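This report goes through a few features of one model, each under its own heading. Look at the structure first, then read on.

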Amino acid sequence: MLDVRCSAFRAALRFQTFDLWMKSFLKYWLPLPIWLSVIFVGSTNLMSAEHTSRFVVPFLLWLKPGMSPHTIWVILVLMRKCAHVTEYAVLALLLWRALRSIPILRAKMLMVFVAVVLGCALFAATDEFHQTFVKSRTPSVRDVFLDVGGALLGLLIGAGFARRHAKRPRCATHSQFVDAQL
């Protein structure tokens, strides 16, 4: 009888462990490969300047008819560079969040920051390398530096939120009051 209970307990424990692992994976780690895929698709011909300008230029001319071609070009370049910063800021936040979900790394902030910057820099370099195979894209070392700058910006934003969250006193929730009464 004791063996049956022990094996049932072990099975329930394994299921709970797997359930917790799966929830953690879905919440913290799955957004990462999804976002990496978004960045990868952005490096294809689909999001090249040639294709995106088909939508952006008419929109700009609708906003301000008679806009000079030079002004349109400057806006397009600025939009593309802001996209680099934004996509890598989001990547850094997602990677930082995923790494912080590992209990051992939660207290080692400097190590997590370095790992995130290196991870983003590595992906940025491979992304620019990928663009060498796409005819309508131009790889650039400057874009890698821009991507790393975006990652640093994302980390600053994440650190700001983490600091602000840590300073807030935790209020007792309703369930804590119920548990205290039992």
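## A nonpolar patch

Phe40, Val41, Leu46 and Met47 make a nonpolar surface patch of about 360 Å². Patches are made of residues with over 30% relative accessible area and no salt bridge, with nonpolar side chains (Val, Leu, Ile, Met, Phe, Trp, Tyr) joined within 5 Å and like charges within 9 Å. Areas come from the Shrake-Rupley method with a 1.4 Å probe, and for residues only the protein chains shown count as cover.

Val41 lies in helix 2 (residues 31-42). Helices are DSSP runs of H or I, at least four residues, numbered from the N terminus. Val41 counts as partly exposed because its relative accessibility is 40%; buried means under 20%, exposed over 50%, and partly exposed in between (1.4 Å probe, protein chains only).

## How the model is treated

The model is predicted: local features need pLDDT of at least 70, side-chain atom pairs count only at pLDDT 80 or more, and totals for chains, interfaces and linings use all residues. Residues are numbered from 1 along each chain as its sequence is written, and side-chain values use heavy atoms, leaving out hydrogens and water.

## One salt bridge

The structure holds one salt bridge, a side-chain nitrogen of Lys or Arg within 4 Å of a carboxyl oxygen of Asp or Glu. The side chains of Asp143 and Lys81 meet in it, at 2.7 Å from N to O. Asp143 is in helix 6 (residues 141-167) and Lys81 in helix 4 (residues 69-100), so the pair ties together parts 62 residues apart in sequence. Asp143 counts as buried, at 6% relative accessibility, while Lys81 counts as partly exposed, at 32%.

Conventions: Helices (H or I, at least four residues) and strands (E, at least two) are DSSP runs, numbered from the N terminus.
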